[in-house]
Amino acid sequence: MASLFNSLNIGYTGLSAAQVGINTTGNNITNAETEGYTRQRVVQSAQTPLFTDSGNVGNGVEIQDIERVFDNYVFDRYTSVSADKEYAEFTEQTLTELSTYFPEIDGVGIKADLAEYYNMWQTFADNPDTDAIKVALVEQTNTLTKHINQTQLQVNSLQSQINDQLATDINQVNSLAEELASVNKSIDAAEAGDAYTASDLRDRRNVLERSLSRLIGSEVNQGQLESNIQIDSNSNVRTGSYTLSVNGFNLVDGSTYHPLKLENDSNANGFYSVSYERQDGVLVPMEENISGGKVGAIFDLRGGSLDPKTGDPVDGTIENVSQQLDAFAKGLIEATNNIYAASTTTKMQSNILETPDSTALISSDLNINQGAFDIIVYDIDGNEVSRRAIEIDEATSMKGATNSIESQIAAGIDDNSDGNATNDIDDFITFNYQLASDGTKRLELGLEPIKESQGYTFSIEDQLKTEEFSSGTNFAGAIGLGGYFDGDNASNIRIHEELKNNPTLVSAGSSGTAGDNRVALGMVQQQFEKYTFDVGKDSYDTTIYGMFDVTATYVGISTNNAISRNETVSTQFNATELEYYSISKVSVDEELTNLIKYQTSYGAAAKVITTVDQMMQTLLGIKQ
């Protein structure tokens with residue numbers, strides 16, 4: 001039987017429900033700008049009615065739960081596009097920085113220096129005996145090589161910076177994954193027995209999920225999806241077993257997490273490798289498995305796969321640019337030295353060589369082709385005294401075999417067909433190819449001391465199969481005998497130290513006589529010649545200018561593509577974020593309306609209690 005006390009309880013439950021509504025609305029308003037906070041709604045229902053003779057009588061209201069308004073479908077899209085956004089944004093930022101190292105569009109940069117470098121060779125060819133022009137040529141060569149060095153240093157520094165960023169991000173991934181596992185454990189404990197929904201903990205978990213997706217493009221898999229239309233027509237949440245994975249590798253499994261391994265101790269250049277430790281202890285490389293988020297962008301830029309021998313990346317946009325610059329510089333060095341080897345000298349020394357004595361030269365890592373080159377000896381007046389062709393075939397080695405370079409130079413051949421056994425190449429040239437005291441090995445060609453004292457000089461001249469410079473053996477250029485450039489890549493290209501210290505030693509001709517400009521003319525022609533540039537698995541048949549254009553164009557296209565992609569992804573991101581916010585983000589105006597509603601409810605419930613109190617006072621007054 002219903003009573004006044006029951007009526008009083010109904011008013012009390014109304015006050016309590018309104019108070020919960022006011023508290024929830026106030027919490028929404030104060031967290032309106034909190035990252036990841038999802039607006040909450042009070043779920044209430046009528047209490048079980050009283051059964052009386054006159055029918056069911058209401059028994060007040062009860063709070064079932066405080067639920068958040070959340071749509072997992074929209075959140076999954078939001079998380080996925082957030083990973084794409086992070087990838088596109090970091091890629092654009094990095095490539096935009098990279099593009100500033102190649103200001104060719106403004107008429108400055110390496111290509112402009114290269115053009116001026118060839119102009120100086122033309123001026124030198126026109127004035128082969130002018131020391132002032134020799135000084136200017138050496139200065140322009142220094143300008144060119146330093147600009148190449150600086151650009152490669154900038155490229156490598158950028159690569160090193162994002163490699164350091166990789167370490168920071170992987171450590172953050174592990175930290176977030178550990179926290180996520182802890183949050184999962186707290187959610188399980190809080191929601192045990194279905195007492196209530198741990199909304200704030202679920203909000204925190206969503207923030208962690210999105211952060212991990214932005215970093216590594218992770219995905220969440222959970223048992224089942226449950227809808228709650230009482231809150232909102234779009235409201236649904238996942239429940240049950242929980243895993244967060246990257247390409248099938250679970251980083252978080254319920255309340256446990258599996259940290260990614262970061263290691264660079266065995267890498268000579270400090271490049272980090274990332275791996276996943278399976279339950280059996282086997283480490284699985286993750287560079288090719290992480291393709292999304294910021295870390296995915298880092299691998300695509302820095303290079304994911306590392307060469308087991310050198311430790312350098314073998315792919316990646318920045319690594320490709322570095323390799324292209326190295327190929328450009330190496331091509332310039334070899335082509336120049338191969339031509340400059342035709343200028344007379346008393347001694348030639350190669351770069352450090354690692355080719356075994358008996359290894360066939362064309363099968364080695366050296367860029368040497370089949371064919372022949374001439375060793376030519378000149379007297380003090382610049383007259384040719386002797387010439388011998390040194391053949392290079394598929395079996396020619398540096399020394400040892402009968403057709404080795406050493407054997408061919410030492411062979412007792414009558415080069416002049418004059419019956420004189422004292423004026424041939426083997427009477428002038430010395431060959432030295434052995435380990436030095438510092439453990440390095442170089443090829444040294446020189447003159448017999450007595451011949452050098454008599455004013456003889458020698459040079460090396462490639463035999464061309466066609467009119468193209470690239471049809472020769474490239475022997476002198478490949479091993480660095482030419483002596484104009486030192487180094488073998490973009491980081492160490494520089495003018496030969498002796499020429500740098502004394503520019504007047506630069507030679508324009510082959511014989512050393514006044515007015516001879518054949519070497520300088522060869523340098524001028526070089527800019528129009530095509531060479532083969534090997535970059536990883538790619539090969540480019542182009543000029544030296546063309547090879548640099550390949551690099552600059554690659555940077556420009558990659559940057560423009562990154563900008564276009566980021567614009568597209570940004571549009572998708574903004575639309576998805578707006579959809580997510582429209583469902584889950586707090587609207588202060590809406591909450592203020594709810595606050596008025598609950599305030600009115602609270603006042604009405606208080607009026608019920610006041611009315612019941614007055615009725616009870618009336619009854620007590622009648623009794624008196």
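This is a predicted model: local features need pLDDT of at least 70, side-chain atom pairs count only at pLDDT 80 or more; totals for chains, interfaces and linings use all residues.
## Aromatic pairs

The whole structure holds 19 aromatic pairs. One of them joins Tyr 78 and Tyr 580: the ring centres are 4.8 Å apart and the planes meet at 20°, under the 30 degrees cut-off, so the pair is stacked. The pair links distant parts of the chain, with Tyr 78 in helix H2 (residues 72–99) and Tyr 580 in helix H14, 502 residues apart. Tyr 78 is buried at 3% relative accessibility. Tyr 580 is buried too, at 7%.

Trp 121 and Phe 124 form a tilted pair, 5.8 Å centre to centre with 50° between the planes. They sit 3 residues apart in helix H3, about one helical turn.

## Charges over rings

Arg 68 lies over the face of Phe 70, 4.1 Å from the ring centre. Lys 585 lies over the face of Tyr 581, at 5.1 Å.

## A buried aspartate

Asp 65 is in strand S4 (residues 61–68). Asp 65 is buried but has no salt bridge. The nearest side chain of opposite charge, Arg 202, is 8.7 Å away. Beyond its sequence neighbours within four places, Asp 65 contacts Arg 41, Val 42, Val 43, Tyr 196 and Thr 197.

Leu 262 lies in strand S9 (residues 260–263). Leu 262 is partly exposed, at 27% relative accessible area. Its contacts include Ile 170, which is 92 residues away in sequence and 7.4 Å away C-alpha to C-alpha.

Helix H13 (residues 518–526) has buried residues including Val 519, Met 523 and Val 524. Their cover includes helices H3, H7 and H14 and strand S20.

Note on methods:
Residues are numbered from 1 along each chain as its sequence is written. Side-chain values use heavy atoms; hydrogens and water are left out. Buried means under 20% relative accessible area, exposed over 50%, partly exposed in between (1.4 Å probe, protein chains only). Helices (H or I, at least four residues) and strands (E, at least two) are DSSP runs, numbered from the N terminus. Contact means heavy atoms within 4.5 Å. Lys and Arg count as positive and Asp and Glu as negative; His and the chain ends are not counted. A salt bridge is a side-chain nitrogen of Lys or Arg within 4 Å of a carboxyl oxygen of Asp or Glu. Rings of Phe, Tyr and Trp (its six-membered ring) pair if their centres lie within 6.5 Å; planes under 30 degrees apart count as stacked, over 60 as edge-to-face and the rest as tilted. A charge sits over a ring if NZ of Lys or CZ of Arg is within 6 Å of the ring centre and within 35 degrees of the ring normal.
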